[in-house]
Amino acid sequence: MSTLKLLLILKRACKVFWEEGGKSVWFKMLGETVYRRLLIMARHLDGDITEIPARVPLTMELLKTTEIDEYLAFRNETDTAELYRRLNEGNCCFVARSEGPIVHAVWAARRRAWIDYLSCEIQLGPDAIYIYDSFTSPGFRGKNIAPFHANKILQYFRDAGYRHIFVAVLPENKAGLNALEKAGPRPFKIIGYVRIFFWRRYFLRVVGGCSNSPMDTVLQLASKKGDWTTCRAK
Ligand SMILES: CC(C)(COP(=O)(O)OP(=O)(O)OC[C@H]1O[C@@H](n2cnc3c(N)ncnc32)[C@H](O)[C@@H]1OP(=O)(O)O)[C@@H](O)C(=O)NCCC(=O)NCCS
């Protein structure tokens, strides 16, 4: 490793330590080497879904194929092939606009969902939705846009007959957790892997011990739980 690369890594580690604390640096180091995990938050769609007002005017719609270039400008780090993979697999993207431009977007998957950070796939029951890749433009953060939008999406899927919503988030992502908790999902399970060179052992475990929730079977790892699995590339 060159000295420059080492210095860049150290600089990044100091920034994370300063902004997010030592625990975050530790889990980021593990994430780059032997261990990754995400917290899965879940919510039933039965009952009322409380309105969460956003602090800017917003309109919400499904991304149209004619708006793909606009989406790619909004998320300029997105790989075009990945975007088409999502659409071809039947995933849909909801966008929120504030007086014209897209300021927030989030994706939804049914039946199967690919979790890029863990390079694994999950299977969902027929009445479940997996929400992912929520993003608010940096200049619009802290205005309740993500929870407002999540709330509208929950209503949309509840009205379409779905009963469960899942979303995965890094436990160190405070902004992500705060936005989600406002919209109602609560910690459900931890999904992740332990890696030794090219081998990974995946796990899906309950937060804080045993569980006997009717939702336990609604979300599962697509590969056999606990198997030693070779790294998958997609
Ligand atoms: C997570 C994210 C989608 C939240 O969107 P949002 O529209 O800002 O949501 P909220 O307005 O509810 O703010 C959520 C939290 O962000 C933090 N926040 C507030 N102002 C902020 C700002 N100007 N910049 C960054 N974060 C801010 C606060 O912790 C806030 O929680 P609080 O309102 O309880 O204090 C957004 O921060 C984002 O796009 N982050 C990068 C991508 C990401 O992490 N996605 C989440 C994957 S689950």
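Me: Which element gives the most to the shell around the ligand?

Reply: β7 (128-136), α5 and α6 each supply at least two residues of that shell. Helices (H or I, at least four residues) and strands (E, at least two) are DSSP runs, numbered from the N terminus. The top contributor, with six residues, is α6.

Me: Good start! What kind of model is this?

Reply: Residues are numbered from 1 along each chain, following its sequence as written. Local features need pLDDT of at least 70, side-chain atom pairs count only at pLDDT 80 or more, and totals for chains, interfaces and linings use all residues; this is a predicted model.

Me: How many residues surround the ligand?

Reply: The closest residues are Arg 141, Gly 142, Ala 146, Ala 175 and Asn 178. By class, the shell has seven nonpolar, seven polar and four charged residues, where Ala, Val, Leu, Ile, Met, Phe, Trp, Tyr, Cys and Pro count as nonpolar, Asp, Glu, Lys and Arg as charged, and the others, Gly among them, as polar. The number surrounding the ligand is 18.

Me: Are α5 and α6 parallel, perpendicular or oblique to each other?

Reply: Helix α5 (residues 145-159) and helix α6 (residues 174-183) pack with their axes 8 Å apart, at an angle of about 45°. Axes are lines fitted to C-alpha atoms, for helices over the stretch in contact, with angles from 0 to 180 degrees between N-to-C directions. Under 35 degrees counts as roughly parallel, over 145 as roughly antiparallel, 65 to 115 as roughly perpendicular and the rest as oblique. That angle therefore makes α5 and α6 oblique.

Me: Which residues of α6 does α5 meet?

Reply: Contact needs C-beta atoms, placed from the backbone, within 7 Å. On the α5 side are Ala 146, Pro 147, Ala 150, Asn 151 and Leu 154. By class, this contact has six nonpolar, one polar and one charged residues. The α6 residues are Ala 179, Lys 182 and Ala 183.

Me: Now the strands: which residue in β3 is the bridge partner of Met 60?

Reply: Two strands pair if DSSP finds at least two bridges between them. Strand β2 (residues 59-62) and strand β3 (residues 92-97) pair in the antiparallel sense over four bridges. The partner of Met 60 is Ala 96.

Me: Which residue in the turn between β3 and β4 has a positive phi?

Reply: Six bridges join β3 to strand β4 (residues 102-110) in an antiparallel arrangement, with Cys 92 opposite Ala 108. The two strands form a hairpin with four residues between them. The residue with a positive phi of about 50° is Glu 99.

Me: Which strands stand at the edges of the open sheet?

Reply: Three strands form this sheet, paired antiparallel in the order β5-β6-β11. Four bridges join β5 to β6, and three join strand β6 (residues 120-124) to β11. Each edge strand has a single partner, so one side of each is left without a neighbour in the sheet: these are β5 (112-115) and β11 (219-221).

Technical notes
Contact = placed C-beta atoms within 7 Å. Near = placed C-beta within 6 Å.
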